[in-house]
Amino acid sequence: IRKRTQVQAAGGCAVGSVEARAQNAAAALSFFAKDHPDLMIPFGAAVIDALNRPEADALGVLDILTTMVDHDSRTCDKAVPGAETALFDEESGPVRLAAMRFLCKLGATTENRSERVWPLIDEAIQATMALEFQDMLVSVIDFSAGKLAPSVKKELGARMASFFQGF
């Protein structure tokens with residue numbers, strides 16, 4: 001109960017503008033979620049809702065969702081549209097990377113999820129030539145070790161082969 005109260009209190013502890021409070025709350029909850037992801041499960045819908053709000057800290061929210069995947073992947077499925085938007089955020093490399101980490105972790109959980117997120121991951125691999133690219137590839141490697149559909153394994157192998165052919 002004490003930890004749940006801490007989670008609820010983190011959402012209202014910041015002072016300032018709505019945007020600043022939302023960003024501070026997401027950062028605090030992200031830190032908390034790393035040690036206690038299971039306690040975030042009752043707040044899954046609120047976390048997903050925060051991902052779709054412009055005043056929220058998408059980086060913190062995506063970090064929370066990534067920690068939740070192992071505990072409630074079904075709820076995390078509902079965050080894919082918001083993560084897709086973040087994956088192609090033109091203003092923030094760290095947000096793109098957080099979205100890639102989330103989608104790779106979620107996609108690695110089942111064959112069906114791998115089929116759902118693979119087109120997004122594939123497009124991001126092709127579109128990203130930024131500083132976070134190396135870190136994104138680490139997430140893709142983790143994704144490749146998951147429960148992928150055979151078609152996704154084949155396409156991922158072909159993408160990596162064609163991508164690294166020039167190196």
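The model is predicted: local features need pLDDT of at least 70, side-chain atom pairs count only at pLDDT 80 or more, and totals for chains, interfaces and linings use all residues. Residues are numbered from 1 along each chain as its sequence is written, and side-chain values use heavy atoms, with hydrogens and water left out.

**How confident is the prediction?**

pLDDT is the predictor's confidence in each residue, from 0 to 100. The chain's mean is 85, and 86% of its residues reach 70 or more. Residues 1–9 fall below 50, and this stretch has 11 contacts in the model beyond near neighbours in sequence; contact means heavy atoms within 4.5 Å. Residues 11–15 are also below 50, with four such contacts. Where pLDDT is low, the predicted coordinates should not be read in detail.

**Helix H9**

Helices here are DSSP runs (H or I, at least four residues), numbered from the N terminus. H9 covers residues 133–144, and its 12 residues should span 16 Å at 1.5 Å a residue, which agrees with end C-alpha atoms 16 Å apart. The expected span is 1.5 Å times one less than the number of residues.

Which residues of H9 are buried? They are Phe133, Met136, Leu137, Ser139, Val140 and Phe143. These residues sit on the same side of H9, because they cover an arc of only 155° around the axis. That arc is taken from the directions from the helix axis to the C-beta atoms. Turned away from the buried side are the exposed residues Gln134, Ile141 and Asp142. Buried means under 20% relative accessible area, exposed over 50%, and partly exposed in between (1.4 Å probe, protein chains only). The cover over the buried residues includes helices H7 (93–107), H8 (111–127) and H10 (150–164).

**The core**

A nonpolar core is a set of buried Ala, Val, Leu, Ile, Met, Phe, Trp, Tyr and Cys residues joined through side-chain atoms within 4.5 Å. The largest one has 47 residues, and Phe102 and Phe143 are among those touching the most other members. H7 gives the largest share of this core, nine residues.

**One aromatic pair**

A search of the whole structure finds one aromatic pair. Tryptophan 118 and phenylalanine 143 have ring centres 6.3 Å apart and planes at 5°, so they are stacked. (Rings of Phe, Tyr and Trp, using its six-membered ring, pair if their centres lie within 6.5 Å; planes under 30 degrees apart are stacked, over 60 edge-to-face, the rest tilted.) The partners are 25 residues apart in the chain.

Key
Helix = DSSP H or I, 4+ residues; strand = E, 2+ residues; numbered from the N terminus.
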